[in-house]
Amino acid sequence: AASFAGHLGLSRLICIYDDNGITIEGKTAISFTEDVAMRFSAYNWHVIKVDDGNDTDAIYKAIIEARNEKERPSLIAVRTHIAYGSPNKQDSPDAHGAPLGDEEVRLTKKALGWPDDKSFFVPQDALGIFRRSVQKGNDSEAQWSKTFDEYQRLFPELAEKFESSITGKLEKGWDADMPTLQEEALATRAASGKVLNFIAGKIPGLIGGSADLAPSNNTIIKGSGDLQKGSYEGRNIRFGVREHAMGAIMSGIALHGGLIPFGGTFLVFADYMRPSIRLAALMGQHVIYVFTHDSIAVGEDGPTHQPVEHLACLRAIPGLTVIRPSDSTETAEAWRQAININNGPTALILSRQKLPAIDRKKYGPAGGLANGGYILRGSKKRPDIILIATGSEVHIALEAAERLTENEVNARVISMPSIELFEKQSPEYKEKILPSGKIPRLIIEAGHTMGWDRYLGKKGSIIGMTRFGASAPGGTLMKKFGFTADNIVQKAMELIGK
């Protein structure tokens, strides 16, 4: 992230490095001897050293110098002492991992010339500074409001757009003519790229890119330039091979307000991003992850690049909405949800391979994705078996259901693109989609089976992955691991006892 900030010349970024030379295990020298100042200089940062962390004048001057730097971010390396003033624990690892304790706190106050008989003490001069700062803030806000009121009077349309951008409020009807892509057999990553560019034309605050995989992720906003040093109006961010930093930067952009960041990479590389994703979920940030190459169907890249456990791992993160669409029409609906869900992050899970366009005149409408799971194929009759599938396995489940019909088996097919959205539905809705009782259920997903047991019911089975993939063409692997209509039909017949 520091490397990227230096590349972009983010001169308004000032970091104060508290260099106290101590870790939990001891002095930093036991494991860390690099020259941090030289490393940040190599990142194209402006580096300032302050030798005494208690020299407030020197720190003040360093901050002023950093603010005056217009070409580079600044690192102020401040040499400090952990537990400064503590007679027994200054510069000690003990102060890093544990409180000083009541007696050592009293001794430290005494050593620093502070009242040692008060448990909480704020000097009058410090209190005065804080209260004057509050008044200064109130005055500044009042002046801003006065200026903006005048701006609204003179330029009402621009003022409305400005407020919408800052608050992230979406323009009413922004998705009215969302492309459905109903007739196209596309990889869902390709469909995602088409929808992304439509949305970018409607929402100026949509901004993002990829961790060096934009052509594969289809995460390029056409007609917009790259965000580079001296050219910050571009909406395409070239994050480089920095998945974890990309995730962190996206959260920073979302925290700033008014912008909706997106970032793409292969699903298998979500491992590199997990801390960033977890924090975005913890903070409830409106960010969108575009994860492509979503299963063993990646093929010849082999098991190192074929995600197996990643869907289960992402679904385990509280507050993250994971959506794996089955075709182009569901991909459009997935993006609609990702834009509308503004109280947490969304992960779009997309295929590398082309998927058939599901006939929405024959099967259920893609708008059912908003409910997380919906009846794609069914009948008024009570089903003999329920097939539950996600993503690229949905069209295989549909093919199997048609074959089961030929064998006089009434099969219902549920498309379940998002467990998180489905779990938000009412008990009545969930009962309608997955009726309780003894109807057998067969779940099909080219990912790890962990987490799906909640939907097995009283009699169910899963066609999924419990091992890594292999090096072979994607179609060969899907057949090898049982993601075929033939295997689904066989398993279904076994479940219903035929």
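Predicted model: local features only at pLDDT ≥ 70, side-chain atom pairs only at ≥ 80, totals over all residues.
Helix α6 (residues 124–154) packs against helix α7 (residues 156–167) at an angle of about 130°, and their axes lie 5 Å apart. The two helices are therefore oblique to each other. On the α6 side, the contact is made by Trp 144, Phe 148, Tyr 151, Gln 152, Arg 153 and Leu 154, and α7 contributes Pro 156, Leu 158, Ala 159, Phe 162 and Glu 163. By class, the contact of α6 with α7 comprises eight nonpolar, one polar and two charged residues.

Helix α8 (residues 188–202) and helix α13 (residues 328–340) cross at roughly 45°, with axes that come within 9 Å. An oblique arrangement of α8 and α13 therefore results, and the crossing is right-handed. Thr 188, Ala 191, Ser 192, Val 195, Leu 196 and Ile 199 of α8 make the contact with Ser 328, Thr 331, Ala 332, Trp 335 and Ile 339 of α13. Seven of the residues in the contact of α8 with α13 are nonpolar and four are polar, while none is charged.

Helix α14 (residues 394–406) and helix α18 (residues 485–496) have axes that come within 8 Å and cross at roughly 55°. The orientation of α14 and α18 is therefore oblique, and their crossing is right-handed. In α14, Ile 396, Ala 397, Glu 399, Ala 400, Arg 403 and Leu 404 meet Ala 485, Asp 486, Ile 488, Val 489, Ala 492 and Met 493 in α18. The contact of α14 with α18 contains nine nonpolar and three charged residues, but no polar ones.

Conventions: Residues numbered from 1 in each chain as written. Heavy atoms only, no water. Axes fitted to C-alpha atoms, helices over the stretch in contact; angles between N-to-C directions. Helix = DSSP H or I, 4+ residues; strand = E, 2+ residues; numbered from the N terminus. Parallel < 35°, antiparallel > 145°, perpendicular 65-115°, else oblique. Left-handed = near helix turned anticlockwise from the far one by under 90°. Contact = heavy atoms within 4.5 Å. Nonpolar A, V, L, I, M, F, W, Y, C, P; charged D, E, K, R; others polar.
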